[in-house]
Amino acid sequence: MIKTFETPPPFASQWFDPLPPPALSSGTSCRLHGRFHELAPHLVPMDYTNEPDIRLPLTLIVTMPELKENPFRNRIVEVFSEDGQGNLSFNDFVDMFSALCETAPRELKAIYAFKIYDFNGDNFLCKEDLEKTLNRLTKGELTPEEVRLVCSKAIEEADLDGDSKLSFSDFENMISKAPDFLSTFHIRI
Amino acid sequence: SVVQESQEFVEKYEGAIGKGKGRKLYAYKVMMLKKWMKFQRDFENFKTACIPWEMKIKEIESHFGSSVASYFLFLRWMYGINMILFGLTFGLVMVPEALMGMPYGSMPRKTVPRAEEANAMDFAVLWDFGGYAQYSVLFYGYYNSQRTIGWLKFRMPLSYFLVGVGTVAYSYMVVIRTMARNANEDGGGDNNCFNFSWKMFTSWDYLIGNPETADNKFASITTSFKEAILEEQESRKDDNIHLTRFLRVLANFLVLCCLAGSGYLIYFVVRRSQKFALEGLESHTWWERNEVNMVMSLLGMFCPMLFDVISTLENYHPRIALQWQLGRIFALFLGNLYTFIIALMDEINLKREEEEMVKLNMTIWEAGLYNETVGVNSTTPPIAIHPADIPRGPCWETMVGQEFVRLIVSDTMTTYIMLLIGDFLRAVLVRFLNYCWCWDLEAGFPSYSEFDVSGNVLGLIFNQGMIWMGAFYAPCLPALNVLRLHVSMYLQCWAVMCCNVPQERVFKASGSNNFYMAMLLVILFLSTLPAIYTIVSIPPSFDCGPFSGKSRMFDVIQETLESDFPAWFGKVFSYASNPGLVLPFLLLMVLAIYYLQSTSKSYKQANLELKKKLQTVSHDNHVSAIILCAIPALT
């Protein structure tokens, strides 16, 4: 019973495309616009009726108080930007906060969490991705053997298809059972 | 046929395509749907904006993380429940009696006795809930047993009884509903399977926005990983099991001794206070008068610290140790509360004996009164005695209510004072003495205090238990509790932000919130037991309260059925409450519970089997992957 292992699908947005994040109220949208404007008052216009194409760079977005202490802030902003470099338009900005808000569904959050922790963007959480995540979480306080032990234990626990890296279905299976996921993967604005 | 299909399609969706008769109706429907959804969204936002203290809790959450904020969310939830209870007791019991019942001074039960009148208005007496506070709608004794009052023909005794039952029923319903909701939101309860993965992907709290909190969180995540690694390595080696077991047995023995000791101390102190009460309270110092309450509060403060020290013998995993700690403190509070109740029952019995004496004396006194007047006049004019002069029985129900109110007031005061001294004063001292002290006060001893989540939650739960126990005898208790919770919310929010530092404790008491809910449910059950016992087995006082004159309090239901409902209803009810019908019904319920329990067990079993299957499949895949990788190497 030998299975043939096919190459993983390319960055396949067709099976991986997240649903649009939940619609926010007009009140929240106004507040978000206010916050977006505050980041760069000379760049962001108050009037969005002409839908200007203003993008704010990553270095500006990560100064927000909600993000500045987060070890994954760069990855979060990169994931929600269209060009993958972290330049957010207002729409991307709104998408980011509505995916991370309390009322976003679990499946949506799992999708974005997977993208955030996937540092090399190959649609799998391989050992290097896990090591990077762990080092950011512990600020490099663990010894290399400890890091290796933790990453191999994590893969051993969650990997279902036996390829020594976590695909999205492995990740989702693991995260859907986590009791703390919804309460920790949540930013309030 | 393609043409036919497209024609059918166009006909079906002509409104949406924008042609034909259906267009306007479709556009109208779409517009109404959009407006409705917008309205729903706005209403949801309005409801969210109306939630009290949301911004305060968000601030605490960003500074201290989600575990401290969970206490404040629990406090807010309790406040909601108490508001409902307050609404019930205030609207259906206190207000009708105040507005439609007989006014103050018209009956003996509603008037301050002549002997106490002199100091009925003193602050000391009022603070102790005597004097004018005792003879008011706040306590059971004030209520009249008249079947209907006012022009509305409001059935006061029935309302009193039903509100008492209703508060308990409502509380049960709310607690169980919340437990069910929490259990549904739970991931499925698989705690050990994904230990490291969860630590890696769900330990960072994205709500943290404060640098100090973030540093603490990094440190606690690191510690948590190190501990898990150590455990992983230690699980492969086992140390001296016998020594550990011996130490644990020793620790439990010490704890049992503590609990027994504290129980005896409470009992001793309550007996002493009974003696003091017999001798008259004025001849004793403030300490001797409030001994019981102070001892209970002090025990509640110092015993947990003792348990903490003893638990270092046990060498448990911190989460297990915390659960043991919570369990022991729970037992401590329970034991204390029950000793208090037993002592209260002794007092009730004493009061009832006194009542018999008073009844005897009253007949003699009345006879004496008649004899006097007959001597003066030949006809017997109606005797006009001021209600304040008529001797009345000791009202044991009011006494019970007063005891509970005093206990809660002293508990509240103790909590607030400990907060101000333990947290605020300590923070002030550490901050300002640090400039002129030999060692660094902020980093070493004593440093700033942490917010004790579990201690505070337990305190809240037990406070609520006392409310449930005493609310039947003192309708003012829910009102008092609403006030207390309101003040607590503001005071503790301020204290946390001002005097506390973020926690370094790595483990929460339990993964889900149901641990605290389960304790609340147990307390609810245990605290309604004494109240139910007194209602069912002790006859009410003969001259005070809405049930005076009846042989048992629940006779009011019988009375209502006889007088207010048509005759056939009474017959149906008596048939339905026949033991021959009730017992089979109970049996049926027990069988249904057993059936549901066994089906849920079989589902869990099936779940476990599937999980095992998944694991074996993944293992098989892993093995095949290794084999496949090895094949090119072999060839």
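In this predicted model, the axes of α9(A) and of helix α9 (residues 195-202) of chain B come within 10 Å and cross at roughly 95°. Axes here are lines fitted to C-alpha atoms, for helices over the stretch in contact, with angles running from 0 to 180 degrees between N-to-C directions. Because angles of 65 to 115 degrees count as roughly perpendicular, α9(A) is roughly perpendicular to α9(B). Helices are DSSP runs (H or I, at least four residues), numbered from the N terminus. From α9(A), F171(A), M174(A) and I175(A) meet S197(B), W198(B), F201(B) and T202(B) of α9(B), contact meaning heavy atoms within 4.5 Å. The residues of this helix contact comprise 5 nonpolar, 2 polar and no charged.

Residues are numbered from 1 along each chain as its sequence is written, and chains are lettered from A in the order in which they are written. Local features need pLDDT of at least 70, side-chain atom pairs count only at pLDDT 80 or more, totals for chains, interfaces and linings use all residues, and side-chain values use heavy atoms, without hydrogens and water.

Over the whole interface, 58 residues of chain A are in contact with 50 residues of chain B. The area buried between the chains (accessible area, 1.4 Å probe, lost on being put together and summed over both) is about 4,700 Å², with 63% given by carbon and sulfur atoms.

The rule finds 2 salt bridges across this interface, a salt bridge being a side-chain nitrogen of Lys or Arg within 4 Å of a carboxyl oxygen of Asp or Glu. D215(B) and K139(A) meet in a salt bridge, at 3.5 Å from N to O. On chain A, the helices that each supply at least two residues of the side touching chain B are α6 (106-117), α7 (127-138), α8 (144-158), α9 (168-175) and α10 (181-184). The largest share, 8 residues, comes from α8(A).

Over all chains the count comes to 21 salt bridges. Within chain A, D92(A) forms one with R55(A), the closest N and O atoms being 3.7 Å apart.

Key
Buried area is the accessible area (1.4 Å probe) that two parts lose on being put together, summed over both. Angles under 35 degrees count as roughly parallel, over 145 as roughly antiparallel, 65 to 115 as roughly perpendicular and the rest as oblique. Ala, Val, Leu, Ile, Met, Phe, Trp, Tyr, Cys and Pro count as nonpolar, Asp, Glu, Lys and Arg as charged, and the others, Gly among them, as polar.
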